[in-house]
Amino acid sequence: MTRRDFIAASSAVAVTAAFARLAGAQKTDQKTDQQPDQQVRTTMSGPMDEGRYRPVLRPAKPNAMASMTDVQRDELEHGIHCMCGCTLDIYTCRTTDFTCPVSPSMHADVVRLVAGGYSGPEILAAFVLVYGERVLMSPPRSGFNWAAYLAPFVALGAGGILVAALVRHWRPVAATTTAASASPPGLPAAETSAGMNEAPAGRPTAAEATPEELAKLDAALRDDRA
Amino acid sequence: MILVGELSLWVALLVSGWACVVSFAGGALGRDDLVASGARAVYATWAFVVLASLGLWTALLTHDFSFRYVASFTSANLPRVYTLTAFWGGQAGSLLFWALILTSYSAIAVWTNRARNRVLMPYVAGTLAAITLFFLATLCLGANPYERLGWIPPDGNGMNPQLQNPGMAIHPPNLYLGYVATAVPFAFAIAALITRRLDAEWLAAVRRWSLVSWFFLTIGITLGMWWAYVELGWGGYWMWDPVENASLLPWLTGTAFLHSIMIQEKRGMLRKWNVVLVVSTFLLAILGTFITRSGVINSVHSFAQSRVGTWFAGLLALTLGVTVYLVATRLKDLKSTAQLESMASREAAFLYNNLLFVGIAFSVLWGTLFPILSEAVRGTKITVGAPFFNAVNVPLGLLLFALTGIGPLIAWRRASLPNLRRQFAVPVFGGVAVLAILLALGMREWHALVAYALAGFVGTTILQEFYKGIGARMRIHGEHAIAAGMRLIARNRRRYGGYIVHAGVVILFCAFAGRVFRHDYDETLRAGQSVSLTDPYGHRWRFVNSGVSVFDVLNRHVTAVSLKPTRDGKPMPLIESEKRQHFDTRGAPLFEPSTAVGILGSPSQDVYVVLTGVRGDDAAEVRITFNPLVWWVWAGGVLMAFGGLIVMWPQADRARARSGYHAVMQPEASIAGD
């Protein structure tokens with residue numbers, strides 16, 4: 001390590017300490033109350049916002065019949081986010097967090113829309129119109145949201161291409177290395193004790209083994225038996 | 001004791017600062033006296049943090065409500081075991097718990113390496129001391145558990161009822177033990193980068209620490225799933241919640257590292273990649289803490305939010321900057337000594353495996369942070385919940401699962417077609433046979449079919465490996481099958497311990513696939529009323545409401561419903577579910593009411609009952625869920641942890657020498673010398 005490296009490392013530590021002190025001062029300034037941390041009305045994941053419910057109303061379609069079964073409706077509710085401040089869908093929230101006043105109201109809206117003859121996509125669209133996209137448990141597959149769905153696969157594909165390119169780049173070097181070198185030094189324990197009857201490609205089989213390798217294998221087996 | 005603890009925290013801060021400065025200085029100047037002083041300071045820091053921890057425990061157990069922390073997270077009537085676990089139930093206490101584990105690990109790492117890795121150790125000690133310094137500074141200046149109130153309240157606020165669960169008593173410590181253990185490999189990586197000693201030496205030193213981290217993270221995540229399942233009452237064990245994701249991220253990159261480390265050990269390849277994985281694992285552990293603490297993302301697990309999130313953001317930025325600088329200036333030293341020869345080789349399979357592990361980690365991180373990105377870019381708030389994560393990660397997870405079976409079947413360096421045919425024949429038959437049987441039985445859910453077919457393939461691969469190994473030992477040594485199996489594992493813990501972990505993965509995937517057969521029913525039952533339901537196996541269940549009872553116990557007011565079930569007419573044990581309202585010593589209610597789930601568990605399925613409400617005096621609203629194969633989630637987690645324990649169990653030098661362990665650990669020099 002050079003002196004410059006050492007000074008750089010020391011500076012980094014000093015910056016951290018200064019940052020911590022600064023943040024600590026901010027925190028101290030904010031501590032004006034002398035009460036223990038107060039408990040507030042909460043959901044399973046934070047403060048509850050009971051005022052977030054907005055009615056989703058649509059007139060029933062002419063001669064409307066229920067557009068889906070109860071099971072299908074429950075499935076649909078798994079796709080709608082309860083707006084009470086929790087992270088759950090309305091089916092899960094209303095059947096789990098019995099203190100939540102929001103999910104039963106949202107459920108009632110779904111039931112009304114189902115009875116009014118609205119299909120699943122129409123019901124979801126009605127909820128989005130009132131609450132915005134955040135009412136859906138997953139982002140709709142449109143516009144910028146495609147980035148959410150595609151980025152992992154694009155990243156994976158790019159990684160795959162990179163690996164393939166590296167291998168292609170490596171191969172000529174590897175070919176010469178392989179020709180010049182013997183098998184990897186030291187037979188792994190796994191292949192001396194267990195994988196004896198497999199002959200890994202690229203490594204000489206038992207019949208093709210060099211005398212050194214056979215001696216090493218023999219020694220390993222002898223030791224193992226002892 | 002409390003005063004001693006309070007003072008010890010500040011002394012520990014100073015001593016860790018000293019440890020950091022003199023360790024780095026000793027390493028840089030080559031001064032053994034400074035290095036020795038740094039090591040002693042590391043031990044001293046640990047001792048002072050232990051005293052600080054004992055002080056806080058004393059304050060908790062004596063109900064000293066003059067401390068904000070004690071008054072905020074406990075009450076006089078809180079059961080003693082939870083008074084003890086309140087140590088990590090709030091922000092400041094959990095940070096002190098981090099510091100306790102970190103200083104303990106630091107002391108162990110310095111002690112066990114006192115005669116080894118002489119060049120690396122000053123920087124390892126310095127890096128660990130720097131991290132400790134950060135935590136102690138955060139504690140002393142940002143979230144001090146010894147902060148006093150200006151008055152003494154008659155009672156405390158009590159503990160969140162969801163934390164009053166045996167799972168929560170042991171889940172966070174395991175998770176912390178896993179998170180914090182990532183700091184040691186990180187410190188070795190930084191030391192190796194600073195000293196430019198980037199051969200297999202530092203890897204040998206960190207492998208066991210990485211396994212320790214993986215082991216505790218595996219247990220912690222499994223316990224977290226179990227806690228969510230029995231405590232939150234929503235009927236599942238994994239909802240892709242940000243805090244759950246935060247614990248999964250370092251596990252994913254840590255698991256990738258445990259695979260890719262073998263490539264560097266055996267072939268001297270992937271040096272840069274291994275450094276990146278070690279550093280990423282530590283950064284993701286810190287990111288997890290940042291997500292939990294900062295409140296930037298809503299989570300069901302965020303019990304301890306505060307502004308120290310900004311501190312962790314600073315640590316993240318600083319660590320990232322330092323690491324990028326070190327890696328960028330040492331690229332030449334990180335060059336591989338061997339090259340990949342074929343896309344059909346064990347090395348390549350490990351590369352694909354790493355690609356998928358990191359790809360899944362990226363997709364989880366991306367999905368977790370995408371709501372923030374969306375709001376920043378479009379100004380639109382969105383929710384990224386389980387449907388998104390399942391859509392993206394299930395295909396990737398199944399690919400990774402397939403690789404779990406493919407990897408062990410491919411030879412090192414280059415696989416030939418006859419070799420592949422011979423190795424794959426039986427496992428492929430196993431997978432196809434499972435698929436055919438399930439199709440014949442009428443299963444049509446394609447996700448489950450793919451998962452079970454792959455389970456057949458991977459399971460057969462594992463059995464084939466054990467069969468060959470045991471057979472070889474029986475032939476060569478004339479041993480009995482059981483003795484041969486035991487010795488096979490004992491002589492080669494890394495390989496066969498790894499297969500046991502893979503067996504746990506097979507069980508987990510089978511259990512996860514059982515999720516698609518889950519059935520939920522919402523029912524309202526008056527006392528004496530019954531309902532008949534059919535489970536996924538076609539059994540007919542009848543549940544009779546035995547009545548709603550109301551009573552007080554310990555620190556809570558309980559409303560309970562009892563359901564008397566029969567299956568195909570055969571009586572089954574009573575299932576009880578409760579609503580609990582906790583209260584303080586004066587009888588005032590604390591927190592919102594919580595749920596105690598009633599579970600009738602068996603390996604085939606859980607019958608999961610949640611009391612969702614009471615109408616009038618005796619009409620209980622219940623959700624009854626048939627949850628197939630959940631029992632196997634816990635079994636799979638335990639088996640994975642057991643396999644991990646075998647892998648990291650120390651191998652005696654004699655046995656190691658016999659099994660060729662040293663030769664495996666030092667291939668780079670030989671290859672380089674070829």
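**View 1. Separation of domains in chain B of the predicted model.** In this predicted model, the centres of domain 1 of chain B and domain 3 of chain B, taken over C-alpha atoms, are separated by 41 Å. The domain assignment places domain 1 at residues 1–159 and builds domain 3 from two segments, 396–516 and 633–673. Domain 2 is likewise given as two segments, 162–331 and 351–395, while domain 4 covers 517–631.

**View 2. Helix α1 of chain B and the glycine that follows.** Just after α1(B), G30(B) adopts a positive phi of about 70°.

**View 3. Strand β10 of chain B and its antiparallel partner β1(B).** Strand β10 of chain B, residues 619–628, is largely enclosed by the rest of the structure, because eight of its 10 residues are buried. Strand β1 of chain B, residues 519–525, runs antiparallel to β10(B) and is joined to β10(B) by seven bridges. Within this view, T524(B) has E621(B) of β10(B) as its bridge partner.

**View 4. The hairpin of β9(B) and β10(B).** Strand β9 of chain B, residues 605–615, is also antiparallel to β10(B), with 10 bridges joining the two strands. R615(B) is paired through a bridge with A619(B) in β10(B). Three residues lie between β9(B) and β10(B) in this hairpin, and G616(B), which belongs to the turn, has a positive phi of about 65°.

Terms used:
Residues are numbered from 1 along each chain as its sequence is written. Chains are lettered from A and ligands numbered from 1 in the order in which they are written. This is a predicted model: local features need pLDDT of at least 70, side-chain atom pairs count only at pLDDT 80 or more; totals for chains, interfaces and linings use all residues. Domain bounds come from an automatic or database domain assignment. Helices (H or I, at least four residues) and strands (E, at least two) are DSSP runs, numbered from the N terminus. A residue is buried if 20 or more other C-beta atoms lie within 10 Å of its own, exposed if 12 or fewer, and partly exposed in between; C-beta atoms are placed from the backbone. Two strands pair if DSSP finds at least two bridges between them.
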